[in-house]
Amino acid sequence: MAKIPQKWLVVISVLLGTFTIILNNSMLNPAVPHLMQVFEADAVATGWVITIFMVTMGMTMPLTGYLGDKIGKKQLYMLGLTVFLTGSVLGSLSWDLSSLIFFRGLQGVGGGVMMPLSLALIFEVFPKKERGLATGVWGIAAMMAPTIGPTIGGVLVEFASWQWLFLCNLPTGILGLIFSMVYLKQTEKVKNIRFDYKGFIAVSLGVGSILFALGRMSELAQLYNPVNLLLVVAGMISIAIFVKIELRVEQPLLDLSVFKEKAYTYAVWVAMISSITLFSGIFLLPLLIQNVYGYGAIMTGIAFLPAALLAGIFMTIGGRLLDKRGPAITVTTGLCFTAVGTAALGFMQMDTAIWIVIALNALRGIGMGLSQMPAMTAGLNAIPDKFVSRGSAMNNVFRQMSSALGIVFVSIYFEVRRGQVMAVNGSTLEEASLMAINEGFLVIAVLAFLSIPAGILLGREHKRQENVSKQKRKEA
């Protein structure tokens, strides 16, 4: 390790932890039917295994800025990883569904602490001109894990026991903890910092209620469920109250002034649309490959691999381009690739060759690699360094809610539209499924195309800020 620069050891440290969290969460999605059999529970009850992680993670993220300043970012990151690993060990020992859900919630708390801090720790050791490549390398974990996770989860459930879905977190997680202990940089604690408990209560109720409601919605009937509607309304009201609190309090939990930086606002918009596009594809593609074309889970995993690999490669390329030329070309090109690939998947036929589906998803992977992490890095570069952990937390909360919203939309649209097509046209199940999937991709593609202007505006704002900085240096 002596030959590896210290700052890159920091990237490796947080990459190991991030990869462990995202991979574990994505592995559990295909395991829900199996867990229903193991614990003799219905789909609604077992679905809590996925929902509780999303809810507790979203509720914990806003705390990371305050806690990182209070006890130090390194200590907090290691605490989060320790909590996550503890939840993993206890999860493997679960004796019933309730205990499993509780331990998954514990994992979510740990993950909610770690995710926003990962970028903040990287930003601590890299200057602005090098952050693109650094976050691009770190982003490989965030991009590859959700695409390969379902395949690994399916294999573990089929050839091993469900406990390994939790135990397989330990090797990379413990390694990440050791690396963090040795290589993460100690950060200064902020003295006389106050806890914005009113803001925390409001944002926790808001984010928690909305994520909880979205996690319960997987079919049309649940969309009209009074409890779900009440949760969404209550969540929106709580977030509105939170905004009012943050604008008035002297030491806010999340400083909303970062949205005055246009580059950060554009980056959040790109992150939200990219999350919807990514997770909608993760939901729709297995339906296309298995329900329409009749392939198995292994072929589904193979179909995702090129996209995951190319996303990782182009994330590092995008990071280099960001450092050298700014976000304009990189992010805009990536958003165009993502939109075109998504739109093309909306024109599949019953006799379309599987390699075409794989190639188009690979194009989406290239687009995601070029756009997601460079946009986020450019946005966080635009705000003061002391706000990076808070800015990263807000970005992650928006991404979390956007991905949940995307999955809810495509799952309900697929269910409703497939039934309509079968009833009206007398189509077979496969034909109706194909039409519903095609239309789902086209709707998501419209959103992807609408995000392209944000990439252009992000580039312009970045250039404007650079010109201002050059002018200040000349005057100095």
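Reader: Why is Phe259 called partly exposed?

Author: This is a predicted model, and in it Phe259 has a relative accessible area of 28%. Buried would need a value under 20% and exposed one over 50%, so Phe259 counts as partly exposed.

Reader: What makes Phe259 and Tyr264 an aromatic pair, and of which kind?

Author: Their rings lie 5.3 Å apart, centre to centre, and the limit for a pair is 6.5 Å. The planes stand at 65°, and angles over 60 degrees count as edge-to-face, so that is the name for this pair. Tyr264 has a relative accessible area of 1%, which is under 20% and therefore buried.

Reader: How do you know what to call the pair of Phe195 and Phe200?

Author: Good one to set beside the last. The centres of Phe195 and Phe200 are 5.7 Å apart, with 50° between the planes. Stacked needs an angle under 30 degrees and edge-to-face one over 60, so this pair is tilted. As for cover, Phe195 has 32% relative accessibility and Phe200 has 22%. Phe195 is partly exposed, and Phe200 is partly exposed too. The whole structure holds twelve aromatic pairs, and ring pairs also join Phe39, Trp162 and Phe166 into a cluster.

Reader: On to charges. What makes Lys7 and Glu130 a salt bridge?

Author: Their side chains meet at 2.5 Å, N to O, and the cut-off is 4 Å, so the pair qualifies. Lys7 sits in helix H1, while Glu130 is in the loop between helix H7 and helix H8, 123 residues apart. Lys7, at 26% relative accessibility, is partly exposed, and Glu130, at 31%, is partly exposed as well.

Reader: Why are Asp69 and Arg390 called buried?

Author: The values are 9% for Asp69 and 8% for Arg390. The bridge links helix H5, which holds Asp69, to helix H18, which holds Arg390, across 321 residues of sequence. Asp69 and Arg390 also belong to a network of salt bridges with Lys73 and Glu124.

Reader: How do you know that Glu250 and Arg194 form a salt bridge?

Author: The closest N and O atoms are 3.8 Å apart, which is within 4 Å, so the pair counts. Each partner lies in a loop: Glu250 between helix H13 and helix H14, Arg194 between H10 and helix H11. Glu250 has a relative accessible area of 65% and Arg194 has 53%. Exposed means over 50%, so the label holds for Glu250 and for Arg194. In total, the structure has seven salt bridges.

Reader: What makes Arg399 a residue without a salt bridge?

Author: The nearest side chain of opposite charge is Asp323, 17 Å away.

Reader: Last one: why is Ala454 called buried?

Author: Ala454 has 6% relative accessibility, and anything under 20% is buried, so the term applies. Ala454 belongs to helix H20. Apart from neighbours within four places in sequence, Ala454 is in contact with Tyr266, Trp269 and Val270. From Ala454 to Tyr266 there are 188 residues in sequence, yet 5.4 Å in space, C-alpha to C-alpha.

Terms used
Residues are numbered from 1 along each chain as its sequence is written. This is a predicted model: local features need pLDDT of at least 70, side-chain atom pairs count only at pLDDT 80 or more; totals for chains, interfaces and linings use all residues. Side-chain values use heavy atoms; hydrogens and water are left out. Rings of Phe, Tyr and Trp (its six-membered ring) pair if their centres lie within 6.5 Å; planes under 30 degrees apart count as stacked, over 60 as edge-to-face and the rest as tilted. Buried means under 20% relative accessible area, exposed over 50%, partly exposed in between (1.4 Å probe, protein chains only). Lys and Arg count as positive and Asp and Glu as negative; His and the chain ends are not counted. Helices (H or I, at least four residues) and strands (E, at least two) are DSSP runs, numbered from the N terminus. Contact means heavy atoms within 4.5 Å.
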